[in-house]
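Subject: Structure handover

Hello,

Here is the structure I promised you. Please open it next to this email and follow along.

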Amino acid sequence: MKRYLQVIAAIWWKDVRVELRSKDIFTGMAVFAALALLILNFAFELRVPDKRMVVPGVLWVTVAFASVLGLGRAFISEKDRGSLAGLLLAPVDRSAVYCGKMLANLVFILVVELFVLPLIVLFFNVSLISLPLLLVVALGTIGLAVVGTIFSALTVNTRAREVLLPILLFPIILPVLVSGIRMTIGLLEGDPLSKLGNWLQLLLIFDILYLAIAFLTFDYVVEE
Amino acid sequence: MALIEIEGLEKAFGRHRVLRGVHLAIEAGSSLVLFGPNGAGKTTLLRILATLSRPSAGSVRVAGVEIRANPEGIRRYLGLVAHMPLLYDDLSAWENLRFYARLYGVERPEARIQELLERVGLWPRRKELVRTFSRGMVQRLAIARALVHNPPILLLDEPDTGLDPQAAEMMTTLLREVGGNARTVLMTTHHLERGLALADRVLILAGGRIVFDAEATAVSYSDLRPLYDRYVAGGV
Amino acid sequence: MLSHRVLTVLNLAAAVSMVGAIYMALVQAPSAINLTETERWAQRIIYFHVPTAWLSMLAFFVTFVAAILYLVRPQPRWDILARCSAELGVAFTIAATASGSIWAKPAWNTWWTWDPRLTTYTIVLLLYIAYFMLRGAIEEPERRARFASVYSIFAFVSVPITFMSIRWWNTIHPVILDPNEDFGLGPGMTLAFVFCIVAFTVLYVALLANRLRLEYTIERVAALRARLLT
């Protein structure tokens with residue numbers, strides 16, 4: 001068990017360190033997110049009576065698309081360097097590789113969100129930074145990372161992999177977006193988190209259920 | 001009981017049968033070189049041994065244990081130098097080795113890493129990013145990486161590809177040092193002389209089967225060349 | 001098991017039950033009350049619409065089970081079953097969506113609405129179109145089967161979750177088992193309804209059997225050709 005956790009930690013640190021040096025994934029996601037916000041701002045500017053109405057949708061759409069960008073890159077760099085094989089040579093259950101990568105992806109997306117949230121506050125003139133909201137965003141991000149990581153491993157071995165990842169991912173993570181948006185709407189209107197209990201449950205079930213499935217099926221995705 | 005026992009090994013990718021019944025017994029401490037044309041299945045064979053690929057049929061046993069029964073345990077005893085170096089460009093040589101040391105749970109990693117880096121002559125450049133290394137240096141580091149957990153079995157897939165003759169010489173010397181110590185080595189290469197120099201047993205894999213298997217002392221280069229040409233040129 | 005005889009029996013059974021279903025749906029079933037003339041005829045779509053919807057879910061469930069079976073024991077036949085059933089599933093999904101839309105126009109005066117079932121349905125359609133896109137992007141048969149299996153497990157599990165999430169979002173789709181609902185099933189309709197569901201299930205089995213047989217024949221031909229050419 002300790003070995004298992006050590007391997008997860010080692011992979012996580014490796015990914016974080018590599019990312020800190022190259023900043024590939026983060027820059028891509030951050031710049032894309034900023035551009036998306038800009039475009040969405042203009043998309044709604046003249047048609048919506050109050051720009052703050054679209055904030056929930058804008059937040060989650062931006063996060064979703066930026067995440068897909070980042071998730072795609074995570075496994076592509078391993079595959080292209082062939083280093084995935086190096087990870088698979090580790091004498092532990094391969095789900096450790098999944099966990100390490102998933103946690104690394106989670107951190108990358110969370111960091112981009114820390115960048116996106118203030119931008120939204122700026123562009124849309126709305127107060128967004130509150131603990132309940134951050135919790136909701138974090139839970140939703142977990143869902144994105146859980147499914148996105150294994151799908152990224154899946155698509156990296158296919159033709160047209162960059163196109164395939166969003167096509168496979170988006171229908172499945174729709175509940176995350178729906179819950180996220182619904183809860184954001186509620187929170188912005190001043191509802192306490194307790195009132196949104198149902199949605200919170202849904203998100204939690206999503207996260208846990210898919211984590212379990214990913215655990216069980218990751219091996220089949222990376223074996224040859 | 002041989003250390004590695006391969007029986008009736010088959011591997012097919014869809015309709016394309018790469019390995020068509022490989023039988024091989026490798027004694028502990030022996031050093032084998034495997035020649036063969038491209039596409040003969042050398043890489044596939046090595047990948048199956050390294051548990052990166054599942055056989056379609058047949059059995060592979062290491063120390064009596066079927067690989068499929070306990071792949072995680074077997075991986076502890078294997079080191080693989082593959083086509084790709086399996087190293088991270090954005091990390092330094094030292095950091096790369098430390099990562100792999102962690103993956104394998106190596107005890108006292110710092111001492112081990114230093115020993116390895118000195119062995120392959122990269123200690124002075126340990127803090128430099130792999131991105132800046134020449135191909136020869138990368139290969140040397142890859143060998144260090146494969147040895148970080150001191151595996152009794154070392155698999156090398158064409159480790160001399162892309163190396164200039166001088167670098168290849170350095171690598172051969174390195175491999176000779178490393179191959180001693182009762183380590184079992186299985187290497188594939190396209191270079192006849194180098195392979196002969198390093199091994200005590202010579203095999204040729206062609207058409208998915210072992211078509212030649214002899215002690216290195218029993219064959220000379222001139223014996224082997226025509227055989228090799230026939231199988232490689234024939235591409236059966 | 002897929003012998004000519006079995007197939008003939010299945011095809012006959014499907015043909016007979018479908019004819020019966022048409023009769024039950026258009027003639028036998030009583031007309032809905034409290035509806036205008038057009039709406040009353042439109043309501044009969046329910047005997048087509050709901051079975052096809054149910055069937056698409058059954059088909060995808062079969063794909064889901066076949067996927068798990070393939071991962072556990074990688075025999076090609078499980079993957080063939082998964083793919084063929086998924087094809088039928090997509091066909092039935094399109095049929096259900098189209099029939100729902102045709103019903104919606106006279107009933108709600110709109111071709112489309114973003115209510116939970118329809119929305120989830122669209123997503124299901126997208127899920128399995130993505131399934132086939134994934135299959136198309138992988139050359140090697142074993143990897144294709146493996147990856148498709150993993151994906152279809154995720155896809156099928158997502159259906160109830162997606163449905164719940166959208167249902168909580170809003171709803172105007174009629175709840176079929178509520179007897180007070182205008183477009184729901186009245187007392188005399190249950191017989192026709194159940195008959196149609198059974199008939200469509202027989203149709204599914206027959207279509208699947210035929211499709212599988214076709215697929216096996218294609219495989220045999222390909223294998224023979226490969227043998228001849230080497």
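In what order do the four strands of the open sheet in chain B stand? The order is β2-β1-β4-β5, and the pairing is antiparallel. Strands pair if DSSP finds at least two bridges between them. Helices (H or I, at least four residues) and strands (E, at least two) are DSSP runs, numbered from the N terminus.

Some ground rules come next. This is a predicted model, where local features need pLDDT of at least 70 and side-chain atom pairs count only at pLDDT 80 or more, while totals for chains, interfaces and linings use all residues. Residues are numbered from 1 along each chain as its sequence is written, chains are lettered from A and ligands numbered from 1 in the order in which they are written, and side-chain values use heavy atoms, with hydrogens and water left out.

β2 (16-26) and β5 (65-66) of chain B are the edge strands. Each has a single partner strand, so one side of each has no neighbour in the sheet. Helix α1 (residues 42-49) of chain B packs on this sheet and touches β1, β2 and β4 (57-62) of chain B. Contact means heavy atoms within 4.5 Å. The direction of α1(B) makes about 120° with that of β1(B). Axes are lines fitted to C-alpha atoms, for helices over the stretch in contact, and angles run from 0 to 180 degrees between N-to-C directions. Eight bridges join β1(B) (residues 4-13) to β2(B). In that pair, B:Ile4 has B:Ile26 as its bridge partner.

**The six-stranded sheet**

Chain B also has an open sheet of six strands, in the order β6-β7-β8-β3-β9-β10, with mixed pairing. Here β6 and β10 (209-215) of chain B stand at the edges. On average, neighbouring strands are turned by 15° against each other, direction ignored.

Look at β7(B), residues 153-157. Is this strand enclosed or open? Five of its five residues are buried, so β7(B) is largely enclosed by the rest of the structure. Buried means under 20% relative accessible area, exposed over 50%, and partly exposed in between (1.4 Å probe, protein chains only). B:Ile153, B:Leu155 and B:Asp157 point one way, while B:Leu154 and B:Leu156 point the other way. β7(B) pairs in the parallel sense with β6(B) (residues 78-81) over four bridges. Five bridges join β7(B) to β8(B) (residues 184-188), again parallel.

**Salt bridges**

How many salt bridges does the structure hold over all chains? There are 19. A salt bridge is a side-chain nitrogen of Lys or Arg within 4 Å of a carboxyl oxygen of Asp or Glu.

B:Asp160 and B:Arg194 form one of them, at 2.7 Å, N to O. B:Asp160 lies in the loop between β7 and α6 (165-179) of chain B and B:Arg194 in helix α7 (residues 192-198) of chain B, so the pair ties together parts 34 residues apart in sequence. B:Asp160 is buried, at 11% relative accessible area. B:Arg194 is buried too, at 15%.

In chain C, the closest N and O atoms of C:Arg211 and C:Glu215 are 2.9 Å apart. These residues are four apart in helix α7 (residues 190-229) of chain C, so about one helical turn separates them. A network of salt bridges links C:Arg83, C:Glu87, C:Arg211 and C:Glu215.

Best wishes
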